Amino acid sequence: EEIQCIGRRNSSFVVVRPKANSTPEETGAVPVREDGWDVIPTAVRSFTFDQEDLSRANSLWKWGQERLLHHPTIKVSTKFRLADMKRQLETDSTEEAIEHGDLTVMVAAKIQVPFEMRTGVTPRGYLRVWDGTGPPHSDPLPIGTGEAHDSVTNGDPPSEALASIASTIRAINSAIAIEDNAQLTHELEPPKAVCGRVVNVAVWEDPSWDLVDASVRIGTFIRLRNVEDRTIGSGFRCLMAHNRSSLTPLPDKTFEIRALLKEHQMRIRKKEPINKRSGLLPLQLEGQATDGSNGMSGMVTSSPVRNPKFNTTSRVSKRGKNSLAHCIAESAGQAFSVQFRINNTEPPVTDSEVGLRKLCVQSKGDGNSVVTEKFQFALHISDDTAEFAVIVGNEVGECLLGMTAKEASNSSDVATEMLDDIIRRDAKWSGTVRSVLFRGFKYFTLESVSSFPIHENSW
């Protein structure tokens, strides 16, 4: 916290910075009152900070925030991405220079090396990091401790990291809207799962790990400078943050974070493969909001219905049921009785070893003990008029699959076969869909579903 300024003779300085609670994260507002700033003088006896100084501080802060968002903070010549890393089993050649550089990544997990495992040749801890680039898989855990395994229980990156990405995107979108004097834009949309590789970073220095402990949480974007891509121990590949490396937490509204998320969004829109171990964007419904629409405290697992697929030859279903196209066309906050086909799940269940655990999340109580396991996923549904994604909660998931989330996790082969059968046989289902308006986007939740497919003649 020392002020790092040097002046000649008897110069003194006044450093000002916004107080932590005076700059709302989602608006990027600048403090306009003197009590909104921490004022730190170097003078021992007296100093001044008048209205003119306050106005100057406001202008400089705004300039700095805009520059941070719109201008690179890293040299192109030293930029490094996870896509540039060698494969896990690829060996280092003594004839090749070790790859190194600076990169911007999100922290997906923190894994401390236990004291009893530390030696002179072990790092202080590991970070698992993601930047949206590279192949869609996660590197192996660096150590086999309980903390390491717990760090990927809810996905890799976990759902907590997906929620943090959504918060960062809201902050960036809001900042852009304020600059343009416009309503909230949606340049970026929160991903419900992520593409790209998750890798390990070995942090060797105690001061660097102390900084991680104090200031880095799951979902924090950081700048790693002068890190190396090399193997450790018996050929385990990871990034090395050594005594000539640096680690810096970054503000959400940073140029490289915005560019990283835009590039990842393009991968999603091109339908590039999702990392099979990725967590899901959490869903939390909070009842009715004050404006009459359904309020949501968190983000959701399915994409907003902005470009739904329609079949214009039919917009009305038989026997008084609502068509899916009708659900899309009506205003949010309504429930619809519908009949539909189930096309797939999000995330898709393609790994037989993981099975339906991909569709489950775990809630932890005090002491970090697992107390419950619940279904939380999305279904892609369709009828003759349209198709879109619906969010599925625990009760509906149990009804559809005929088992609890815990049973599905423990009997992955049987549960996966049941889900494959549901999708493969092109069955028709009856249920209730509710539309929800959240941050200007319309989402759908599946409130109920029939325990068995309906007969063909009732479709």
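Modeller: Leaving aside neighbours within four places in sequence, histidine 242 is in contact (heavy atoms within 4.5 Å) with Trp204, Glu205, Asn226 and Glu228. This is a predicted model, in which local features need pLDDT of at least 70 and side-chain atom pairs count only at pLDDT 80 or more, while totals for chains, interfaces and linings use all residues. Residues are numbered from 1 along each chain as its sequence is written, and side-chain values use heavy atoms, with hydrogens and water left out.

Histidine 242 sits in the loop between strand S7 (236-241) and strand S8 (246-249), where strands (E, at least two residues) and helices (H or I, at least four) are DSSP runs numbered from the N terminus. Histidine 242 counts as buried because its relative accessibility is 13%, and buried means under 20% relative accessible area, with exposed over 50% and partly exposed in between, using a 1.4 Å probe and protein chains only. A polar atom of the histidine 242 side chain lies 3.1 Å from the backbone nitrogen of arginine 244.

Among the buried residues of H5 are Ile257, Leu260, Leu261 and His264. Lysine 271, which follows H5, has a positive phi near 60 degrees.

Elsewhere, a search of the whole structure finds two aromatic pairs, where rings of Phe, Tyr and Trp (its six-membered ring) pair if their centres lie within 6.5 Å, and planes under 30 degrees apart count as stacked, over 60 as edge-to-face and the rest as tilted. The rings of phenylalanine 388 and phenylalanine 444 have centres 4.2 Å apart and planes at 20 degrees, so this pair is stacked. The pair links distant parts of the chain, 56 residues apart, with phenylalanine 388 in strand S16 (residues 386-392) and phenylalanine 444 in strand S18 (residues 441-449); both residues are buried.

As for confidence, the mean pLDDT of the protein is 78, pLDDT being the predictor's confidence in each residue, from 0 to 100. Confidence is lowest in strand S9 (residues 285-288), at a mean of 32. Where pLDDT is low, the predicted coordinates should not be read in detail.

Methods:
Polar contact = N/O pair within 3.5 Å; in protein donor to acceptor, adjacent residues only side chain to side chain.
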